[in-house]
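Me: I am new to this structure and would like to learn how its features are read. May we go through them one at a time?

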Amino acid sequence: MFHSLRFRLLVTLLLVIVVAMGGIALASTQVTTRTFQNYERHRGMMRDQRFENFLAWQYVQREGWTGIQSDLERMGQITGERVLLADMKGHIVADSEGELIGQPVGQSWGAPSAMIVKNGTPVGALYVGAPDLSPPPPKGEGFLASVNRALLLVAAIAGLGAVLLILSLSRRILAPVEALTAAARRMEAGDLSQRVQVTSSDEIGDLARAFNSMADGLARLEQLRRNMTADVAHELRTPLTSIRGYLEALQDGVVQPEPRIIAALHGEAMHLSQLVDDLHELALAEAGQLRLERYPVDLTGVVSGVVKAVRPRAEAAGIALQVDLPEDLPLADVDPQRVGQVLRNLLDNGLAHTGPGGEIRIAARVSGEWIEVNVRDTGSGIAADDLPHVFERFYRADKSRSRATGGAGLGLAIARQLVEAHGGRVEVESEIGQGTRFTFTLPVAGDRD
């Protein structure tokens, strides 16, 4: 609990509120106290000035302090404080409470509140307050205490409201995070079907969408892994079954080791070897460990060599091979064997899906710092649903898995990895019945980073 985000958020916001409210309350108290004290001081000065003028006038009228006691008693009633008047000899001549008349002024009383002056000569000293052994209560103590109590009450109410608001907001903010955490833990346990509901368009909503996208990707990768395992088993089982059948027939004497049988066994073994080599090469390419012997290469020679090797198969299938390369095509910074493999894989794909009388055309052009190579056929085309997946290993639009219609489904995956290993990209465009065009780019020599 103490390490949860909700607890830390609550504590942090509470500290902010306490500091803010404490600072406001302290500042308000200081300002109120200072303002009230200034007001009391000013009011006291005005009162003492009026008392001073009144007593000076009485002194002149009475020619002394005779009969002044009744006036001091009224002053005490007006102010609510004890008022004393002393002559210049330091003896009390009047006391609003009538107790200290005739006694000397106390040494602890301090300076008088006002001096009574006649014609520039002091004739008496006025003391307003409580000159006794107990110190007078601070002026305005009750008022300031009530103000402080009100401030504390407001702060407590505001703090309580803030706590309730924080709890509500934290629950609303952290609920999606808790849902994400629970879904992630279930995914960790192997349940890749977990998704979270996106309820907002803020950062939490972006996080939920990213989580769902990640979950979709993981589920797809898991499905691809399962499919790959099944596909590898299928591709290996077919030639192995054929080899096993021939060998058992040879052992039982059903057939004789004729050249035809040996050629069939050799063909199946070569198919197995090619499949294993393709898988190994694909794994190296995906791990970024495929070695490339790159140097400036004339792509015209590479294309001509591949077309020359493939042309007999194309002629036997009644498919025309056309090459349309510009004469001024610059050198490419590539591994010629790997680029030849890309072209062979693309041509094999075209030959497998183009019928008699069709055509496969290889063209190229310069696009900035890249050479763009196109391999276009007039075959059956690829469905829109299959286009995003044609470069995935073992993916085949033909679910019958006949070798006559495309082999193991590794050629295009290897082609993509080899092109990307050169820093280029490969794309495909196709329509059912309109043929397919593969486009890949290779760097111009001298522009490699």
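This is a predicted model: local features need pLDDT of at least 70, side-chain atom pairs count only at pLDDT 80 or more; totals for chains, interfaces and linings use all residues.

Me: What share of the residues of the chain count as buried?

Reply: A residue is called buried when its relative accessible area is under 20%. Of the 449 residues here, 35% count as buried. The accessible surface of the chain comes to about 26800 Å², and carbon and sulfur atoms account for 57% of that surface.

Me: Which residues touch the most other members of the largest nonpolar core?

Reply: A nonpolar core is a set of buried nonpolar residues joined through side-chain atoms. The largest core here has 43 residues, and Leu299, Leu343, Leu347, Val373 and Phe440 touch the most other members. Several elements each supply at least two residues of this core, among them helix H6 (299-316), strand E9 (370-377) and strand E11 (435-443). H6 gives the most, with seven residues.

Me: With which residues is Val373 in contact, leaving aside its neighbours within four places in sequence?

Reply: Val373 is in contact with Leu299, Leu343, Ile362, Ala363, Ala364, Phe438, Thr439 and Phe440. A second, separate core has 16 residues, including Trp65, Ile68, Leu72 and Ala94.

Me: How many aromatic pairs are there?

Reply: Two rings are paired if their centres lie within 6.5 Å, and the angle between their planes then gives the kind of pair. By this rule there are three aromatic pairs. In one of them, the rings of Tyr59 and Trp65 have centres 4.7 Å apart; their planes are at 55°, so this pair is tilted. Tyr59 counts as buried, at 18% relative accessibility, and Trp65 is likewise buried, at 13%.

Me: Why is the pair of Trp109 and Tyr127 edge-to-face?

Reply: Planes over 60 degrees apart count as edge-to-face. The planes of Trp109 and Tyr127 are at 70°, so the pair falls in that class, with ring centres 5.4 Å apart. The pair links distant parts of the chain: Trp109 lies in the loop between strand E2 (92-95) and strand E3 (114-118), while Tyr127 belongs to strand E4 (residues 121-129), 18 residues apart. Trp109 is buried at 18% relative accessibility, and Tyr127 is buried at 11%.

Me: Where is Pro356 found, and is Pro356 buried or exposed?

Reply: Pro356 is in the loop between helix H7 (336-353) and strand E8 (359-367). Residues over 50% relative accessible area count as exposed, and Pro356, at 74%, is therefore exposed. Not counting residues up to four places away in sequence, Pro356 touches Ala317 and Gly318.

How values were computed:
Residues are numbered from 1 along each chain as its sequence is written. Side-chain values use heavy atoms; hydrogens and water are left out. Rings of Phe, Tyr and Trp (its six-membered ring) pair if their centres lie within 6.5 Å; planes under 30 degrees apart count as stacked, over 60 as edge-to-face and the rest as tilted. Buried means under 20% relative accessible area, exposed over 50%, partly exposed in between (1.4 Å probe, protein chains only). Helices (H or I, at least four residues) and strands (E, at least two) are DSSP runs, numbered from the N terminus. Accessible areas come from the Shrake-Rupley method with a 1.4 Å probe; for residues, only the protein chains shown count as cover. Contact means heavy atoms within 4.5 Å. A nonpolar core is a set of buried Ala, Val, Leu, Ile, Met, Phe, Trp, Tyr and Cys residues joined through side-chain atoms within 4.5 Å.
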